[in-house]
Amino acid sequence: MSLVSISGLHKHFGTNHVLKGIDLQVEQGDVIALIGRSGSGKSTLLRTINGLESIDEGELVVDGTALHHGEGDLRALRQKVGMVFQQFNLFPHLTAGQNVMLAPTVVKKLSKKETEDIAKEMLLKVGLSDKFHAFPDQLSGGQQQRVAIARALAMRPKVMLCDEITSALDPELVNEVLAVVQQLAAEGMTLIMVTHEMRFARDVGNKLIFMHHGRIHESGDPRIILADPQTPELANFTRAVM
């Protein structure tokens, strides 16, 4: 059984039909890059996978936890899905370590010693073991985003969702964040990423999905479909961004 299974998924915002029958299977260890123009439904798809947006029609199953038409065990789902957003969303009054410790403390009710050990492990994983006691305003944008990644990893999710996590960064900081994601992929983490970093999508991802008007328009091996788009919509998109 696939780690993430999506069938016939529809999502409306009022009269705006944003997702129009999405079918997607994600296997353990997949690194999937979602690309497409603004408004194509990429971010909404991610937000349905972790339950931030309800489902109007269809089914979503993550590691055996199912949502049908927006109904199901959201708490169980969110413990299996980590998400990193465009903005870092760190609590400014908490240190990097405390930001990472928060979810395991509140959600999993772990002890302070356990959560400290997890936070140190995850900050080490993202290359910030020396920033445990630093506050967000003492960190660069790239470092803050890496803390946000560590915070998501602290819940030990089955799948990580990344929503344009480099778009708010200065160009010189992008690579340090992408290097962390590339290492997670090499370690076998299942990743679904909305990204405009085409070179990263081609070199790191094992599957690329091009969304257009709320549908999966093309999908396949990133190197093949980026080099030889089968539809004019993808060809036009790649010319604009590559």
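Hi everyone, let's start with N89, which is partly exposed at a relative accessible area of 48%; partly exposed sits between buried, under 20%, and exposed, over 50%, with a 1.4 Å probe and protein chains only. This is a predicted model, where local features need pLDDT of at least 70, side-chain atom pairs count only at pLDDT 80 or more, and totals for chains, interfaces and linings use all residues. Residues are numbered from 1 along each chain as its sequence is written, and side-chain values use heavy atoms, leaving out hydrogens and water.

Where is N89? Look in the loop between β7 (81-84) and α3 (96-106); helices (H or I, at least four residues) and strands (E, at least two) are DSSP runs, numbered from the N terminus. N89 is not a glycine, yet its phi is positive, near 55 degrees.

E164 also has a positive phi, about 50 degrees, without being a glycine. You'll find E164 in the loop between β8 (159-163) and α6 (171-186). Is E164 buried or exposed? Buried, with a relative accessible area of 15%.

Now, the largest pocket. A pocket is an open set of points on a 1 Å grid over the protein atoms alone, where a 1.4 Å probe fits, with protein on both sides within 12 Å along at least five of seven lines; lining residues have an atom within 4 Å of a point. The volume is about 590 Å³, counted as the space filled by probe spheres set on the points, which are joined across faces, edges and corners. Of its 23 lining residues, R78, V81, M83, A103 and M155 are closest to the centre. β7 gives the largest share of the lining, 4 residues.
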